[in-house]
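Take a look at the protein below.

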Amino acid sequence: MTDRIPASNAPSTLLQRVLLAGLTIALVGCGNAASPGGGFYAPPADTTGGGGGTIDGSTGGQDGSTGGQDGSTGGGDATGGGGGDTTGGGGGGDTTGGGGGGDTTGGGGGGIPASNFVGYASKELRVRIVGPSGRRHAVVSGAVVDVAGVLFGDADELTWSHSNGAGASCYGAPFFQTGKIQLLPGDNEIVVTAKKGDEIATDKITVTYNPVFQFADRLRVEPRVLKVGKGGSVHATVNLGKATNFVGGSLKVFRVDEVGNQLANFGPMVDDGNLGTSGDEIKGDGIYSQKFKLTDSAPGTARIRASLLYKVGAQQFAIFTDIATVDIVEDLTTTECQDLQGALNDAKSAAAGAGSTSAAIAAAKNSLDANGLVESAGPNADGSGVWVRFKSGVLGMVDLSPAGTRGGAGAAGSSRYDSVEETAGMNAALSTLRVASKRALLLDPYASEFGADEVQKAKETMEQNACPAYTLQDDKVQTGKEAHLGWFRRLYDYGIIAAATHGNAGFDGISPGARKSYGWPERGSEEVVWTGHPIDCGYFPKAAAGQTCTESVACGPESECFLNQTGGKGVCVDHLTADLRRGRVVFGAGGTYGVTPTFFARHAVRDLPRSLVYLGACSTVWNGSLAAELFAAGAATIVGYSGVVANDFATKWGSTFFANVIGQKQLSGVAHVQIEDPTHPGTFFRLIGAQNLDAAFSDLINASWESGDITGWIKNGDGRVIARLGTTIPVGGKFMAILSTGLGYTAQTGGLEQKFCVQPGQKKMTFWWKFYSEEFKEYCGSQYQDSFRAELVAKAGKKTIINAKVDDLCDKGSCGFSSGCGGQYKGLDPADVSFDQGGVYMTPWVKAEADVAPFVGNGNVTLKLFATDVGDSIYDTAILVDKIDFE
């Protein structure tokens with residue numbers, strides 16, 4: 001080691017895969033009033049089939065021979081396919097088969113449907129693919145794939161087509177599957193089309209088939225926003241997990257065009273731990289990196305992809321990742337912001353004295369049409385106000401919703417798609433899905449208007465129930481301007497999110513070209529929910545100038561800190577400007593920002609953890625646009641209102657829903673009561689998705705990090721999930737956690753924690769840990785004592801499981817006269833990895849045990865795993881943790 005410098009100077013089947021995701025979100029309210037003070041196929045699980053209801057009896061046999069776990073006839077024959085019993089069916093092959101029934105009634109449609117496809121109630125026809133990925137690009141290692149999705153509205157035809165010319169009818173509704181699709185190596189484009197009379201709705205997915213190889217995660221590219229003419233350094237990473245059998249130097253990252261043609265090669269990706277050249281943070285962790293420059297002279301999208309050559313015997317296969325995108329956008333100026341706000345305010349003023357709602361909408365539209373900044377404007381489809389597209393491409397909306405409602409004035413006629421009516425309390429006996437995070441985010445931007453609404457009641461319900469053990473963000477409801485865009489971007493962190501706000505449905509008259517630029521479907525409305533984030537035109541010049549940040553000094557809620565320098569330093573990524581330019585965020589005449597469905601799709605950098613989504617605003621399930629994107633991002637259940645809803649009605653039934661699902665520990669379908677708002681006929685409180693979602697599950701979630709990420713855990717500082725470290729692999733499974741005193745760009749010491757309830761019958765908790773440090777062996781017996789601690793913390797006190805510092809793990813002969821040296825010595829060997837100073841030694845894997853019986857029935861407990869840095873932060877320490885079990 002060098003001389004020390006003082007611190008002061010220095011897969012399974014489709015349905016089985018997709019049933020393993022979710023989150024609880026509650027977005028409540030309508031319309032943008034005055035400024036206030038994260039896809040997985042989770043089928044509806046009903047008794048008539050329609051996409052499957054249980055984990056063990058829903059998908060059917062791939063080849064028609066085996067069916068579900070207990071089905072005797074299997075898929076692909078005359079009796080349907082492999083559902084929960086002898087005749088049920090997930091993927092039957094003809095008119096009597098099914099889309100995943102759970103009992104003797106079979107499934108939801110055979111291969112050649114004899115009747116219309118009945119989707120979820122919707123004012124417009126819409127289809128959304130959610131599996132094998134809701135991100136519209138999936139990478140698979142098998143030659144056959146099922147594509148799954150959700151239908152809103154009913155259709156006469158629901159078909160799929162492949163870019164190679166193949167195609168057929170889909171099975172089931174509202175959740176559908178295509179049946180087996182044969183893939184070609186490389187990219188395969190699959191389009192699903194729904195038709196109802198002269199109305200057509202489509203969605204498409206690119207499925208990349210890589211024979212025999214599967215990446216451990218998607219390609220990650222940061223920052224995801226660059227400015228025209230300025231550019232910047234881009235950092236790409238891809239996780240190869242434990243894979244090593246590929247041609248050395250063949251893993252490269254490059255830029256492609258819309259159809260995948262290579263435009264630029266940025267060179268090889270490496271796992272060398274060299275921050276300065278490749279940007280790789282930890283050597284030997286299976287995550288490969290490369291840094292490169294991007295500078296574009298015009299707005300657009302930079303598409304980034306990686307590939308490698310994989311060896312199987314004498315054969316080599318070209319393997320490709322998915323495509324990651326970077327928004328290239330122009331800065332937005334203070335003047336532009338003020339002018340757009342002025343146009344919206346003028347329109348709202350024009351509407352104020354117009355009289356009736358229809359006259360007010362006409363007056364607002366006339367005002368906007370007369371403004372030279374406006375390209376097009378029109379009435380909201382739900383009758384709640386007026387939308388506008390400015391010539392710059394930025395969107396706005398003028399809310400004209402009635403007092404006492406949460407937006408939406410109701411639209412005349414068009415109830416043709418109100419066809420699916422669920423029954424409260426269905427499917428109580430079915431196998432359950434479980435919310436995969438016990439973190440809760442409560443947002444109430446219009447608290448001063450709504451009063452003691454369902455979000456406030458949800459907080460009370462959580463506080464009154466120790467189990468399920470939810471951790472509420474900041475221990476409070478985020479009200480007024482605290483309910484900002486930053487929270488809406490991070491829904492993937494939370495298991496319950498409740499937001500009482502306003503909502504609208506509009507933008508249906510925008511041109512096809514504009515719709516394509518925003519990534520919207522070819523036709524239809526986009527539902528909007530409103531944040532409490534105030535519009536501050538002074539933000540944009542600061543964003544244009546470029547802002548820096550650190551781990552401890554974050555960016556504002558408009559942007560996000562991307563660490564790209566040692567010492568925990570980075571740059572602020574201007575998401576707000578990009579979201580405004582791309583139609584994901586809209587200006588509101590009330591002085592706050594609203595978000596469209598594609599906002600949630602863009603910012604679900606991790607999948608939402610099996611979400612129960614409560615959309616309590618008006619028109620939040622008007623046509624399924626919000627529900628579709630949240631569902632594709634990983635939500636399991638979405639609950640909302642089909643039209644204008646009274647504040648009192650939403651408060652009552654939203655509160656009842658949370659009291660049922662958390663307080664009474666009921667499954668989502670039992671907790672939900674489909675009911676019509678008596679003051680607004682035609683508005684229903686509806687549930688979309690899994691009726692068997694369990695939000696009351698109390699055990700430790702993602703205990704051994706087999707999700708491949710930290711879903712379910714709260715991270716502090718440098719806490720990550722990796723597949724290997726050098727030649728060390730997990731004790732069990734594919735992944736393990738790593739905590740450090742600050743590796744790579746991170747300077748803060750790491751910790752992971754989770755609140756849970758010890759279950760009846762559990763007596764002992766065990767886990768494995770392994771300690772790496774540059775402190776060994778030179779600093780045994782010194783003041784430099786990095787450590788690893790593991791604790792169980794409850795109201796009654798805490799129980800220390802592990803408290804191991806450097807001296808404890810040194811052999812007694814290396815500590816000099818230090819007392820207590822070697823008390824936990826298990827052996828030290830040179831590590832096959834290095835950190836920034838080199839000279840790392842490691843312990844073997846060590847098993848820890850703790851008596852947890854005293855915690856049973858005594859409320860919740862928090863497991864805390866964390867590293868500490870004692871002395872200085874120059875020499876690094878890292879701890880692997882894996883395989884947490886209860887006995």
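How many aromatic pairs does the structure hold? There are 29 aromatic pairs. Rings of Phe, Tyr and Trp (its six-membered ring) pair if their centres lie within 6.5 Å; planes under 30 degrees apart count as stacked, over 60 as edge-to-face and the rest as tilted.

This is a predicted model, in which local features need pLDDT of at least 70, side-chain atom pairs count only at pLDDT 80 or more, and totals for chains, interfaces and linings use all residues. Residues are numbered from 1 along each chain as its sequence is written, and side-chain values use heavy atoms, with hydrogens and water left out.

## The whole protein

The protein has 14 helices and 53 strands. Helices (H or I, at least four residues) and strands (E, at least two) are DSSP runs, numbered from the N terminus. Of its 887 residues, 61% count as buried. Buried means under 20% relative accessible area, exposed over 50%, and partly exposed in between (1.4 Å probe, protein chains only). The accessible surface comes to about 30500 Å². Carbon and sulfur atoms own 50% of that surface. Such areas come from the Shrake-Rupley method with a 1.4 Å probe; for residues, only the protein chains shown count as cover.

## Aromatic rings

Phe587 and Tyr593 form a tilted pair. Their ring centres are 5.6 Å apart, with 50° between the planes. Phe587 is buried, at 0% relative accessible area. Tyr593 is buried too, at 1%.

Trp769 and Phe788 also make a tilted pair, at 5.7 Å centre to centre and 45° between the planes. This pair links distant parts of the chain: Trp769 lies in strand S46, Phe788 in strand S47, 19 residues apart. Trp769 is buried at 2% relative accessibility. Phe788 is buried at 0%.

Rings can also gather in a group. One aromatic cluster is made of Tyr614, Tyr641, Phe649, Trp653, Phe657, Phe658 and Phe685.

A ring can meet a charge as well. The charged end of Arg406 sits over the ring of Phe450, 4.4 Å from the ring centre. A charge sits over a ring if NZ of Lys or CZ of Arg is within 6 Å of the ring centre and within 35 degrees of the ring normal.

## Disulfides

A disulfide is a covalent bond between the sulfur atoms of two cysteines. Here it is assigned to a pair of cysteine sulfur atoms within 2.5 Å. The structure holds 6 disulfides. The table lists some of them.

| Pair | S to S distance | S-S torsion |
|---|---|---|
| Cys549 and Cys561 | 2.0 Å | about 90° |
| Cys555 and Cys572 | 2.1 Å | about -100° |
| Cys780 and Cys810 | 1.9 Å | about -80° |

Why is the disulfide of Cys549 and Cys561 right-handed? The torsion about its S-S bond is about 90°, so the disulfide is right-handed. Cys549 lies in strand S33 (residues 548-550) and Cys561 in strand S34 (residues 560-565), so the pair ties together parts that are 12 residues apart in sequence. Cys549 is buried at 5% relative accessible area, whereas Cys561 is partly exposed at 26%.

The disulfide of Cys555 and Cys572 is left-handed, because its torsion is about -100°. Cys555 sits in the loop between S33 and S34, and Cys572 in strand S35 (residues 569-573), 17 residues apart. Both cysteines are buried.

The disulfide of Cys780 and Cys810 is left-handed, because its torsion is about -80°. Its ends are 30 residues apart. Cys780 is in the loop between strand S46 (764-773) and strand S47 (787-794). Cys810 is in the loop between helix H14 (806-809) and strand S49 (829-830). Cys780 and Cys810 are buried.

Two strands pair if DSSP finds at least two bridges between them. Strand S13 (residues 199-209) runs parallel to strand S4 (residues 137-140), joined by 4 bridges. Val140 stands opposite Tyr209 in S13.

Strand S12 (residues 186-196) pairs with S13 in the antiparallel sense, over 11 bridges. Here Gly186 has Tyr209 as its bridge partner. The hairpin of S12 and S13 has 2 residues between the strands. Gly197 takes a positive phi near 60° in this hairpin.
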